[in-house]
Amino acid sequence: MLEKVVEMKLTRVNQLRSQVGQEVRIKGWVNTIRDQKTMQFLIVRDETGLIQIANSRKENPGLAEIISGLTNESVIEVVGQVMANEAVQLGGLEIIPKQITVLSLADPNLPVDKDSSLSIRLDWRFIDLRRPENHLIFQIQTTAEHAMREYWYQNGFIEIHSPKLMGSASESGAELFSLKYFDTTAYLAQSPQFYKQMAMAAGFNRVFEIGPVFRANPSFTSRHDTEFTSIDVEISWIDSHEEVMAFEEQWLQYVLKAIREKHGAAIKETFGVDVVVPELPFPRMSMEEAYQLLDEKGHELPEAKGDLDPEGERLVARHIMEKYGHEFVFVTDYPVAVRPFYHMRHEDRPHLTKSYDLLWKGLEITTGAQREHRYDILARQAQEKGLSLEGIDFYLNFFKYGCPPHGGFGFGLTRMLMVLLNVANVREVTYLYRGPNRLTP
RNA sequence: GGAGCUGUGGUGUAGUCGGUUAACAUGUCGGCCUGUCAAGCCGGAGAUCGCGGGUUCAAGUCCCGUCAGCUCCGCCA
């Protein structure tokens with residue numbers, strides 16, 4: 001008899017409705033204990049939902065003792081009969097237990113709860129992540145990445161995995177983490193930029209990578225971290241950055257459609273956000289136009305010549321929403337001064353790059369551009385930016401032996417989730433956050 | 001790197017112009033309770049108020065320093 005029980009198939013909580021009257025076996029966490037004199041109630045939680053377990057002390061004193069010894073968040077196995085019961089507010093279902101096994105007894109003094117500060121919740125991230133809304137976040141992330149890959153796959157992209165250990169910097173600007181590497185120094189990649197461009201020189205035509213990047217910036221904001229997942233795309237045979245934007249908007253539309261179909265209702269219920277599948281094309285606004293707009297709106301322009309400050313980005317986004325009813329906007333043609341050396345410049349306006357940023361609800365989620373693929377021009381632009389050619393020799397070589405015109409973009413995965421779900425901090429949507437003051441857990 | 005705010009039992013908070021045993025909720029522990037469902041009721045334990053220094057007869061409460069957290073700016077995805 002006992003052996004038969006042990007062999008019984010595991011049922012997930014969300015399948016119990018179809019098992020009324022049947023004997024089932026479930027496993028999960030103890031969510032709530034209501035231990036009364038005659039009746040005992042447990043709420044057990046698994047990844048799919050909550051179910052009440054109801055035990056009569058008189059009828060089953062042995063189980064009563066086990067239940068009285070339970071603690072919240074303990075992991076148990078319950079074998080029993082599923083009963084429909086209108087009186088049960090939790091879905092009208094309950095299990096009358098026959099056997100309860102404690103698989104992992106939890107210390108009753110939990111160090112966090114859902115109302116704890118973000119910092120404490122991050123200290124105890126594995127407990128915090130048990131909450132269904134956190135499961136949802138990572139289910140959405142999974143759907144997003146899956147849809148991205150589907151789209152790439154359907155469009156002939158090749159996936160690459162570029163090294164994260166590098167012998168030199170890939171881009172100026174963002175600072176690098178350095179580490180001891182045998183008898184020399186290595187750097188953690190702050191971007192797969194150079195290596196995805198290498199794939200263009202290698203004739204891969206179209207590539208993508210989803211991978212970690214590292215930035216040694218002491219950034220104390222709600223949208224920065226020192227390690228994050230970057231989504232990178234690079235495309236050959238383009239004539240301008242417009243083609244990169246055209247790709248990105250179609251790709252994003254596909255991804256958001258998938259997210260809306262699969263999680264739209266849950267996102268609405270849990271985060272109160274309507275997932276909008278964006279219409280094509282996304283609105284575009286040149287940096288010059290953006291500056292004019294901000295000037296008209298009386299926004300004091302930042303000293304940094306030619307870039308938008310966060311407030312400026314929000315104002316532009318609001319304007320686009322009012323005028324076009326669109327959540328996205330491509331801001332294009334950034335001045336040379338605020339862009340890296342490898343961005344191609346406009347032939348007729350050499351002070352402007354063929355580049356763009358994508359803002360979603362006022363937050364920057366992408367930087368893209370057509371790259372400069374002509375060796376001499378690229379080397380000259382690098383020198384103008386004060387880079388030593390020896391340091392990027394390996395990179396410049398990509399353009400020396402025949403390289404297609406190409407362009408691409410980098411996209412922040414957690415920033416996308418943050419904006420999608422309207423959460424205030426990237427740490428909430430990052431599995432394990434890394435920042436200037438956090439290296440654990 | 002710059003600016004601001006915050007730092008009180010496990011967790012979340014209150015603490016009024018500085019004044020005697022630091023309060024409340026929740027969790028936890030014990031007891032009670034014939035089906036609960038954010039269970040309820042009674043009782044207990046638990047904080048020397050981030051840390052260091054100062055002002056004062058007296059400091060959680062004021063000042064300085066320091067550390068930590070958060071937010072914004074800079075940097076960027």
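**A protein chain with an RNA strand**

Helices (H or I, at least four residues) and strands (E, at least two) are DSSP runs here, numbered from the N terminus. Thr440 and Pro441 are joined by a cis peptide bond, with omega at about -10 degrees.

Before I go on, some ground rules. This is a predicted model, where local features need pLDDT of at least 70 and side-chain atom pairs count only at pLDDT 80 or more, while totals for chains, interfaces and linings use all residues. Residues are numbered from 1 along each chain as its sequence is written, chains are lettered from A and ligands numbered from 1 in the order in which they are written, and side-chain values use heavy atoms, with hydrogens and water left out.

Now the whole of chain A. What does its secondary structure come to? There are 13 helices and 16 strands. Along its principal axes, the C-alpha trace spans about 90 × 60 × 40 Å. Of the 441 residues in chain A, 50% are buried; that means under 20% relative accessible area, with exposed being over 50% and partly exposed in between (1.4 Å probe, protein chains only).

Next, contacts, meaning heavy atoms within 4.5 Å. Take the contacts in chain A between residues at least 6 apart in sequence: 65% of them join residues at least 24 apart. As for charges, chain A has 48 positive and 61 negative ones, and their mean positions are 5 Å apart. Lys and Arg count as positive, Asp and Glu as negative, and His and the chain ends are not counted; each charge is placed at NZ of Lys, CZ of Arg, CG of Asp or CD of Glu.

On to the RNA. How many residues surround RNA strand B? The number is 49, and the closest are Arg34, Ala87, Glu94, Ser219 and Asn425. "Near" here means that one of a residue's heavy atoms lies within 4 Å of the molecule or strand. Of the RNA strand B atoms within 4 Å of the protein, 55% belong to sugar or phosphate, and the rest to bases.

Some of those bases come with details. The side chain of Glu94 has an N or O atom 2.5 Å from a base nitrogen of RNA strand B. In Arg415, a side-chain N or O atom is 2.6 Å from a base oxygen.

Which element gives the most to the surface near RNA strand B? That's strand 15, with four residues. Elements that each supply at least two residues include strand 1 (23–35), strand 2 (39–46), helix 3 (118–123) and helix 9 (310–324).

Let's visit the loop between helix 2 (61–68) and strand 4 (75–84), where Thr71 is found. Thr71 counts as buried because its relative accessibility is 12%. Leaving aside neighbours within four places in sequence, Thr71 is in contact with Val30, Ile33, Leu105, Ala106 and Pro108. The Thr71 side chain also makes a polar contact with the side chain of Ser74, at 2.6 Å. A polar contact is a pair of N or O atoms within 3.5 Å; within protein, one must be able to donate a hydrogen and the other to accept it, and residues adjacent in sequence count only if both atoms are side-chain atoms.

Glu73 is in the loop between helix 2 and strand 4 as well. Glu73 isn't a glycine, yet its phi is positive, about 75 degrees.

Pro281 is in the loop between helix 7 (241–271) and strand 12 (284–286).

Last stop: distances. Pro335 and Asp307 are 28 residues apart along the chain, and their C-alpha atoms are separated by 8.0 Å. For Ala265 and Ala369, 104 residues apart along the chain, the C-alpha separation is 35 Å. Ala265 lies in helix 7. That's my tour, thanks!
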